[in-house]
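Work through the exercises below with the sequence and the structure at hand, trying each task before reading its solution.

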Amino acid sequence: MIPLSRAFRSFCLHHRCLSSLMEVPFSKYEGAGNDFIVVDMTSRISTPLTSGQRLRMCNRKTGIGADGVLVLQQSELPGFTFKLLYYNADGQESSLCGNGSRCSLAFAEQIGLVDFDHAGSHVIKFEACDGSHLGGKMAGGQYFVDIRDVRISDVKRIDEMNYFLNTGSPHHVRFVEHLTQTDVPGIGKEIRWKTYGKEGSNVNFVQMSLQNPRQISVRTFERGVEDETLACGTGAVASAIAAYLRHQYDKKPIGCASSQDPMTTQVLMEGGTLEVAFKLQGNIFSDIRLRGPVRHVFEGNIVV
Ligand SMILES: N[C@H](CCC[C@H](N)C(=O)O)C(=O)O
């Protein structure tokens, strides 16, 4: 982080700001409308941000505005390009963020940690809260991350319309008939608190396509943002897996996600389209890959 100049500090003090203010350089990214503030802390002398600073940065009226903050640090592990820390808009550290992870790959490219276009391989390894992940850039400029395997036995089928599973982050999946008419913030908040309490869960509302069994439309209420976001990566993965299982229960064959052929589901979200591919090996969803668009929106410095 850049230390504040004496003149700037005295300006802040004059304006009765806190003396612990610091100027933080950041980049703003979005992946299918899920937006993030990205901060480079790969230098060992970086000053960590407090939860209050992250909260203020994410504020859409008085800060930069974002669904979360991504912090890139150096990884201690050999062969890993960086370590990713993810914080929700409430400033608190949280579990895996799929879209944030995809955005962090583009940021790593921006700051020169990796050159996907010229590297021998278009895939790197990075560390996240749940362990190691592969990520990379695709020919069309989209970014992907691999998500850890999900066991069928770990997917809870609450009833015909409701599932719960963890795809790096916890996700409740509710199937609905009319997604546009669903009160996502209202019902999402209710399920998040009444069913999952303080720990909470993200809540996805999924409408299956009548024409294409491999396409779903999803809207997500995110815990930690405590509101609907325009897209959610781990939510897209959870919804695609739940939709696959639901087709199996309904005995509506949509082809098999075999160990040879990955099955791809198109996930239409409010802010863009994500794709989720996976294989089914025995009772394990493996080779789970989330891909989609990423955009560098702007960059700057914020005093927080
Ligand atoms: N938007 C994220 C999920 C953030 C998870 C977070 N809201 C939580 O579980 O606390 C994604 O693309 O996967």
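**Exercise 1.** How far from an oxygen atom of the ligand does a polar side-chain atom of Asn202 lie?

*Solution.* Begin with the ground rules: this is a predicted model, in which local features need pLDDT of at least 70 and side-chain atom pairs count only at pLDDT 80 or more, while totals for chains, interfaces and linings use all residues. Residues are numbered from 1 along each chain as its sequence is written, and side-chain values use heavy atoms, with hydrogens and water left out. The distance for Asn202 is 2.7 Å. Taken alone, the ligand exposes 360 Å², of which the protein buries 100% (accessible areas by the Shrake-Rupley method with a 1.4 Å probe).

**Exercise 2.** Describe the residues around the ligand by kind and by element.

*Solution.* First, the shell around the ligand divides into 4 nonpolar, 10 polar and 2 charged residues, with Gly counted among the polar ones. Next, β4 (82-88), α3 (98-110) and α5 (233-249) each supply at least two residues of this shell, helices being DSSP runs of H or I with at least four residues and strands runs of E with at least two.

**Exercise 3.** Why does the ligand lie between domain 1 and domain 2?

*Solution.* Domain 1 (21-145 + 295-303) and domain 2 (150-292) both give residues to the shell around the ligand, and therefore the ligand lies between them; the domain bounds come from an automatic or database domain assignment.

Notes:
A polar contact is a pair of N or O atoms within 3.5 Å; within protein, one must be able to donate a hydrogen and the other to accept it, and residues adjacent in sequence count only if both atoms are side-chain atoms.
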